[in-house]
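My entries are kept in the order in which I went through them.

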Amino acid sequence: MKQFFILQGYFIGNKRQLFHKFFLFFCGILLGSPMYSQQQDSLAIIKLLEKEGLTWRMGDKKAHAECWEERPYNRILVSTADGRTIDLPTETIIDPPSGMIGNGGFAFHSNHKMKISDDVAWVSHDEVSVDTEGKESLSYEVRLLEKFDGKWKMVGQSNHFYHHPPENKIDTTSYIQTVDIETGRIETVLSINEHFEAPNWHPDNYLIVNSGGKLYTLDLQSKDLTLLNTDFADQCNNDHGISPDNKWLAISHNDVNDPSPKAYKSAIYVLPVEGGTPRRVTSEVMSFWHGWSPDGKRLAYCAERNGNYDVYTIGINGRKEKRLTTAEGLDDGPEYSPDGKYIYFNSYKSGHMQIWRMLANGRKQEQLTFDENSNWFPHPSPDGKWIVYIAYTSDQKQDHLFGKQVKLRLMNVETKDIKDITPVFYGGQGTINVPSWSPDSKKLAFVSYSIN
């Protein structure tokens, strides 16, 4: 009995130390197991395939070439949907002519099956390739890979294209995606055969999106899509967003009962972020929400008054609105910087849609972009270091329509340097109307589309 109590006391006094040792021991076994190694290889291979497709579409020849290893036995075979077979020279893929690469669009992979044996692997998967016109190409893909100096490289592939089965044709597919601004990796959260728009990113790891006048939450882990209760507000558009304390949601809802003679009667409301009955903030229509002040006390929005669209702000409890821009032409997409000093917006005051900013009181308005794109909806990152915006690649005048060729661009706030973070793709209205940064400022969410 005495020995038992001594042993018991030893275990109680040292249980944390023993647990730590055993935990590390079992982790060591797991990490060293063939199963864990295969899982790591599988993830590395999938990331390589994603990178190979993305760099091709973005026209990054150097990064694309890094995905391949030239070997005497390289082979690239393609069968087309109309029955032709093409044997592509390897150099065409490893070192493609400039006109062949960088044509935009996205590739979406699914149904991966793979066999990994030491430093050799083969992978089959399905692919939906969407071009910049929103048209889909369907294929079965077989990829051959080898590991060189610990890194997987492609050494061959076979692509088999086929036509859409008639019974599977649909009107619109929405691809809700995220892009990592550091690595460039683009991941698909959800592909759905309905029209969804404008993701907001909540710190509890879910997105808020709109579709058909209603709002939904999309869990980033489970991919579950759930209707968000907005009570009577069942005609919400894609101008919605989360308060700085993450407790409230601003929405823009078409109030058909408003006495205004205007055809569309969007007004701004707020409600608890988990859902509830909205409370109206703006008394006049049309009003489209775009930003919260960092202290959560004011809202920034685009409003039409007397035929002109300008930037306004208003207190969270409503009352009198404050007009900040007065130039002829459209001023839209206002959003506060995280420190509350500036409001970023897009404006047509120069005769071409560009990104601007001004002090939060409307003074010292300055133009930030000066290119041939039509630039819309600037979104400052939570850490204040970046601005992301959507660029239409052709002059759209004062429109921001759905179904256009667009890309996402990233501006360094300090240096004003700008770079593309996506290929050109099929999108526009609904892609990134509202703030969609991850809380850590490393990723952002957006939507691309296909039509059939």
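The entries below go from sheets to side chains and then to the backbone.

**Entry 1: what I am looking at**

I note at the start that this is a predicted model.

**Entry 2: the four-stranded sheet**

I looked up the strand order and found an open sheet of four strands, β17-β18-β19-β20, with antiparallel pairing. Strands β17 (287-292) and β20 (318-323) are at the edges; each has a single partner strand, so one side of each has no neighbour in the sheet. I noted an average twist of 35° from one strand to the next.

I then checked one pairing in detail. Strand β17 pairs with β18 (residues 298-305) in the antiparallel sense, and I count five bridges for it. Which residue stands opposite Trp289 in β18? I find Tyr301 there.

**Entry 3: Tyr301 and its surroundings**

Tyr301 made me turn to the rings. The structure holds 14 aromatic pairs. In one of them, the ring centres of Tyr301 and Tyr312 are 6.0 Å apart and the planes are at 20°; planes under 30 degrees apart count as stacked, so I list this pair as stacked. Tyr301 belongs to β18 and Tyr312 to β19 (residues 308-315), so the pair ties together parts eleven residues apart in sequence. Are these two tyrosines buried or exposed? I have both Tyr301 and Tyr312 down as buried.

Tyr312 has a further contact: the charged end of Arg305 sits over its ring, 5.5 Å from the centre. I found another contact of this kind at Trp356, where Lys349 lies over the ring face at 4.8 Å from the ring centre.

**Entry 4: the three-stranded sheet**

I moved on to an open sheet of three strands in the order β8-β7-β30, with antiparallel pairing. Its edges are β8 and β30 (443-451); each has a single partner strand, so one side of each is left without a neighbour in the sheet. Direction ignored, neighbouring strands here are turned by 25° against each other on average.

How many bridges join β7 to β8? I find six between β7 (residues 172-180) and β8 (residues 186-192), which run antiparallel. I wrote down two facing pairs: Gln177 stands opposite Thr188, and Val179 has Ile186 as its bridge partner. The hairpin of β7 and β8 has five residues between the strands, and Gly184 there takes a positive phi near 85°.

I also followed the rings in this part of the entry. Phe106, Phe108, Tyr175, Phe425 and Phe446 are linked into a cluster by ring pairs.

**Entry 5: cysteines**

I searched for disulfides and found zero. I looked at Cys302 in particular. A disulfide needs the two sulfur atoms within 2.5 Å. Cys302 is buried, its relative accessible area being 2%. I also looked up Cys67, which counts as buried at 0% relative accessibility.

**Entry 6: a buried asparagine**

I found Asn375 in strand β25 (residues 374-380). Asn375 counts as buried, with 0% relative accessibility. What does its side chain contact? I find a polar contact of 3.0 Å between the side chains of Asn375 and Asp371.

**Entry 7: backbone angles**

Val285 and Met286 are joined by a cis peptide bond, with omega about 0°. I place Met286 in the loop between β16 (279-280) and β17.

I then looked for positive phi in residues other than glycine. Lys223 has phi near 70° and is in the loop between β11 (214-219) and β12 (225-227). I noted a relative accessible area of 35% for Lys223, so this residue is partly exposed. Lys364, also not a glycine, has a positive phi of about 55°. Its loop is the one between β23 (354-359) and β24 (366-367). Is Lys364 buried or exposed? The relative accessible area of Lys364 is 67%, so I record this residue as exposed.

Conventions:
Residues are numbered from 1 along each chain as its sequence is written. This is a predicted model: local features need pLDDT of at least 70, side-chain atom pairs count only at pLDDT 80 or more; totals for chains, interfaces and linings use all residues. Side-chain values use heavy atoms; hydrogens and water are left out. Two strands pair if DSSP finds at least two bridges between them. Axes are lines fitted to C-alpha atoms, for helices over the stretch in contact, and angles run from 0 to 180 degrees between N-to-C directions. Rings of Phe, Tyr and Trp (its six-membered ring) pair if their centres lie within 6.5 Å; planes under 30 degrees apart count as stacked, over 60 as edge-to-face and the rest as tilted. Buried means under 20% relative accessible area, exposed over 50%, partly exposed in between (1.4 Å probe, protein chains only). A charge sits over a ring if NZ of Lys or CZ of Arg is within 6 Å of the ring centre and within 35 degrees of the ring normal. A polar contact is a pair of N or O atoms within 3.5 Å; within protein, one must be able to donate a hydrogen and the other to accept it, and residues adjacent in sequence count only if both atoms are side-chain atoms.
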